[in-house]
Amino acid sequence: MKYLVMVQGTQAEYEGMAGKASETSPAWSEEEVQAMYAYMSALNDDLAETGEMIDGQGLAEPARTRLVTLDADGKPVVTDGPYGETKEVLAGYWVLDCASLERATEIAERVSRCPQPEGAARRAVVIRPIMDGSAGDC
């Protein structure tokens, strides 16, 4: 079964990783950022070795987001981020092919243990099965 494993973040957390503290996120040191990257790289290497990794990426900060909607007349409305209605956004993801939901949960638990500075918010890791188009998906 394929699963999408997602981590969320906020603009303030991205800014914290760039060394700018706020009331909701501490400033990360260069060593803390490198520890996070090393941890995630090792996780990705392990998942590639087991054959479970299909894809995984970190995403750019919300300030570089673009939101496209339609107005009442069906014309596109384009808004550059960060957009105020949403505080948390998708920060990164993995597409995994796991034997079971339990295995995907083990991986999500490992993701949740990624090192970060004291005072940084611990975000939930979200697991969603990917539908394969079979009748049981609906």
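Which residue in β5 is the bridge partner of Y3? Keep that in mind while colouring the chain by confidence.

This is a predicted model. The protein chain averages a pLDDT of 92, and 93% of the residues score at least 70. Confidence is lowest in strand β3 (residues 66-70), where the mean is 89, and highest in α3, at 98.

Next, select the sheet. Four strands make up an open sheet, ordered β2-β5-β1-β6, with antiparallel pairing. At its edges are β2 (53-58) and β6 (125-129), each of which pairs on one side only. On average, neighbouring strands of this sheet are turned by 20° against each other, direction ignored.

Now select β1 and β5. They pair in the antiparallel sense over eight bridges. Here the opening question is settled: Y3 has L96 in β5 as its bridge partner.

α2 lies across β2 and β5 and runs at about 25° to β5. α3 lies across β1, β5 and β6, running at about 155° to β6.

Then show side chains in the largest nonpolar core, which has 20 residues; W94, L96 and V111 touch the most other members. The elements giving two or more residues to this core are β1 (2-9), α2 (30-50), β5 (89-97) and α3 (101-112). The most come from α2, with five residues.

Which residues is L96 in contact with, leaving aside its neighbours within four places in sequence? They are M1, K2, Y3, V5, L47, E52, M53, I54 and I107.

Technical notes. Residues numbered from 1 in each chain as written. Predicted model: local features only at pLDDT ≥ 70, side-chain atom pairs only at ≥ 80, totals over all residues. Heavy atoms only, no water. Core = buried A, V, L, I, M, F, W, Y, C linked by side-chain atoms within 4.5 Å. Buried < 20%, exposed > 50% of the residue type's maximum accessible area, 1.4 Å probe, protein only. Contact = heavy atoms within 4.5 Å. pLDDT = per-residue confidence, 0-100. Pairing = 2+ DSSP bridges. Axes fitted to C-alpha atoms, helices over the stretch in contact; angles between N-to-C directions.
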